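Please look over the structure below before reading on. The text after it goes through the chains and then some of their parts.

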Amino acid sequence: MDLRPGADTGAAPADALVERIRAQRGRMTTRQLVDGAHVVVARLGWSRRLGGRRWLSRTVAPAALMAVVGLAVWTIVRDRTRPIALVVAGGRLAGGGRVEADPRGGATLEFSDGTEVALSPDARTEVRSIDRHGARVVMSAGTAHVDVAHLEGARWFVDAGPFSIHVTGTAFTVSWNPDGERLDVDMERGTVEIDGPLSDRAIPLRSGQHLTVKVRERETVVRERGQPAPETPATIAATTKGPAEDAGQTDVESRMLPRPVLERAGSKATRAARQKAGGADRPERRWAAALAQGQFETIVGEAERIGVDSCLADAGESDLAALADAARYARHTEVARRALAALRARFPDAPAARDAAFLLGRLEETAGAPSKACEWYDRYLSESPAGTYASEALGRDMDLAQATYRAGRAEEIAHEYLRRFPQGTYAARARTIVHGP
Amino acid sequence: VALVHALTAREEWAARLAWNRYAPMVYGLLDRALGSAGESEDLTQEVFLRVFARIHTLRDPAALRSFIYSSALRMLRWHLRAKRVRRLLSLSDSGELPDRASPGVDSEGRDLLRRFYGLLDELGANERTAFLLRHVEGLTLDEIGTLTGASLATVKRRIRRASDRVNVLAQGDAELAQYLGEGGAADGP
């Protein structure tokens with residue numbers, strides 16, 4: 001399937017050079033991301049709304065006293081318009097909300113609503129803002145144990161490097177290593193959502209889960225707390241057993257990976273059946289297992305070493321689907337497009353090939369091409385009217401129609417959505433389109 | 001939607017969140033278009049400052065991503081135009097070609113890309129933008145027309161002119177011509 005632009009404007013000139021640009025340019029480093037955020041926020045000059053400058057000015061005098069007694073205390077009478085009070089045990093608040101810990105041990109931020117943030121001695125932390133609903137704590141390095149009181153309307157944020165963790169009532173430990181560009185979040189109870197540079201959408205985490213993000217390697221792995229972190233094998237081919245084959249992993253990975261991937265990585269019987277359908281002589285690269293370990297870049301790198309064209313031509317259905325997923329997660333959009341297109345062309349009867357239509361739609365949507373995205377969603381819905389992604393495809397189709405000012409089409413889809421998925425994720429939005437806000 | 005409302009209310013956390021979420025997309029577009037990390041970094045910041053300043057004009061809060069992408073594209077065209085004017089007046093921006101390679105790229109590849117970006121500098125802002133959106137970013141003609149506010153015929157004409165010019169210029173560069181003549185396969189990415 002030709003996904004490239006048509007020939008009516010002339011052949012793509014200097015194709016090899018264009019490919020070089022795609023492969024070698026356009027990756028923003030974490031340092032650029034973090035520094036850029038500082039510059040932009042500083043140049044904006046927006047007041048820190050949760051408490052703002054009034055809060056900072058009230059910090060200076062009490063902080064001096066706190067330095068003498070070894071305990072930083074800053075209190076404000078709590079009423080409906082004033083922020084939550086904060087006490088810093090084992091340290092003090094310096095200018096700009098910076099937390100200076102007692103060198104003998106880490107400081108603990110004790111908020112008057114019962115929330116506590118215990119910092120490691122090496123933590124570099126600021127209390128960026130505070131109000132009656134919560135606070136924003138920014139950690140540029142180190143580890144913090146966060147225990148947020150579950151109160152109605154609570155709004156807490158913990159920023160770790162380029163990541164932002166949105167907290168309601170929960171307890172977790174977060175670490176950010178700026179040198180290794182690694183984030184770890186270990187959940188004890190409740191739920192959080194983590195926003196950051198490796199995903200377009202927030203990653204939800206629930207009680208008992210552990211998230212590791214290695215920014216440099218572009219790896220994102222969620223596993224059950226207590227299970228060992230996946231190791232990176234020297235070569236994927238040498239991997240003898242993928243973690244997705246271990247009991248207990250499937251549920252964890254289901255938060256990060258689409259169901260078809262789990263099926264592909266799941267049972268040996270399933271894989272054997274698929275191998276049979278796709279051709280027994282094809283090389284099996286076990287990319288599905290590597291995918292479940294979050295080794296997205298490794299998979300794409302191996303495909304590039306072997307030759308992407310060759311992989312697309314001879315990989316089995318399972319490996320091809322895994323390559324497509326890995327490329328999508330690691331944002332190698334062109335490789336993902338080609339792998340999905342190959343999947344549809346070579347295994348047209350496979351469920352994964354039908355799912356590929358939806359995933360191609362997501363790629364086009366992410367690339368800012370709504371009309372092409374809608375075409376793929378419509379194709380998916382016609383091929384798999386009761387498929388895994390039917391609700392999502394219809395909902396996104398509706399959203400895109402509305403976003404591109406095709407009100408009539410959006411309303412038509414909204415009716416269809418409500419008829420088929422009255423309790424679905426997009427039902428509220430569909431009702432708004434049909435009945436008005 | 002909540003993010004857009006918070007940006008409209010000038011909440012600092014929202015600016016950070018929007019930056020962390022969308023800056024890599026904007027930087028990617030600009031860096032592939034300009035071939036200079038420094039220029040792209042500065043311009044990415046300018047794009048976001050402009051987006052935040054004009055966030056109140058966003059009619060559909062669900063379209064924040066498109067809003068940012070369109071702003072980046074406008075800024076890119078403005079930058080290319082300004083840069084071209086400076087080049088026409090002084091023959092060179094700074095007397096040296098800017099950084100045009102990623103760390104770790106082989107020296108031959110770096111030189112090829114440097115030459116290729118030098119060649120793209122010969123194109124007008126609109127032609128270069130249309131060329132990049134089509135061949136590097138992979139957008140459709142309709143999408144390019146919508147994003148740049150040009151008719152389909154104009155988009156086609158710009159891409160064709162840019163493509164022809166790129167081919168002619170590449171043939172005039174011995175190393176590029178040799179590389180392209182070999183199909184770029186010998187040391188492809």
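This is a predicted model: local features need pLDDT of at least 70, side-chain atom pairs count only at pLDDT 80 or more; totals for chains, interfaces and linings use all residues.

Residues are numbered from 1 along each chain as its sequence is written, chains are lettered from A and ligands numbered from 1 in the order in which they are written, and side-chain values use heavy atoms, with hydrogens and water left out.

Chain A has 437 residues, and 53% of them are buried (under 20% relative accessible area with a 1.4 Å probe and protein chains only; over 50% is exposed, and partly exposed lies in between). Its secondary structure comes to 16 helices and 16 strands. Helices (H or I, at least four residues) and strands (E, at least two) are DSSP runs, numbered from the N terminus. Chain A exposes about 18,800 Å², and 51% of that is supplied by carbon and sulfur atoms; accessible areas come from the Shrake-Rupley method with a 1.4 Å probe, and for residues only the protein chains shown count as cover. Of the contacts (heavy atoms within 4.5 Å) in chain A between residues at least 6 apart in sequence, 49% join residues at least 24 apart.

Chain B contains nine helices and zero strands. Of its 189 residues, 58% are buried. The accessible surface of chain B is about 8,200 Å², with 51% belonging to carbon and sulfur atoms. Among contacts in chain B between residues at least 6 apart in sequence, 62% join residues at least 24 apart.

Within chain A, strand β15 (residues 209-214) pairs with β16(A) in the antiparallel sense over six bridges; two strands pair if DSSP finds at least two bridges between them. One of the bridges joins A:T212 to A:V221 in β16(A). The two strands form a hairpin with four residues between them, and A:R218 in the turn has a positive phi of about 55°. Strand β16 (residues 219-224) of chain A is largely enclosed by the rest of the structure, because six of its six residues are buried.

Helix α1 (residues 15-24) of chain A is mostly covered, with seven of its 10 residues buried. Among them are A:L17, A:V18 and A:I21, as well as A:R20 and A:R22. Just after this helix, A:G26 takes a positive phi of about 100°.

How many aromatic pairs are there over all chains? The count is eight, where rings of Phe, Tyr and Trp (its six-membered ring) pair if their centres lie within 6.5 Å, with planes under 30 degrees apart counted as stacked, over 60 as edge-to-face and the rest as tilted. One of these pairs, A:F358 and A:Y377, is tilted, at 5.5 Å centre to centre and 35° between the planes. A:F358 lies in helix α12 (residues 351-366) of chain A and A:Y377 in helix α13 (residues 370-383) of chain A, so the pair ties together parts that are 19 residues apart in sequence. Both A:F358 and A:Y377 are buried. The rings of A:Y417 and A:F421 have centres 5.3 Å apart and planes at 50°, so this pair is tilted. A:Y417 is buried, with a relative accessible area of 0%. Ring pairs also link A:F358, A:Y377 and A:Y380 into a cluster.

A:R379 lies over the face of A:W376, at 4.6 Å from the ring centre.

Definitions and conventions: A charge sits over a ring if NZ of Lys or CZ of Arg is within 6 Å of the ring centre and within 35 degrees of the ring normal.
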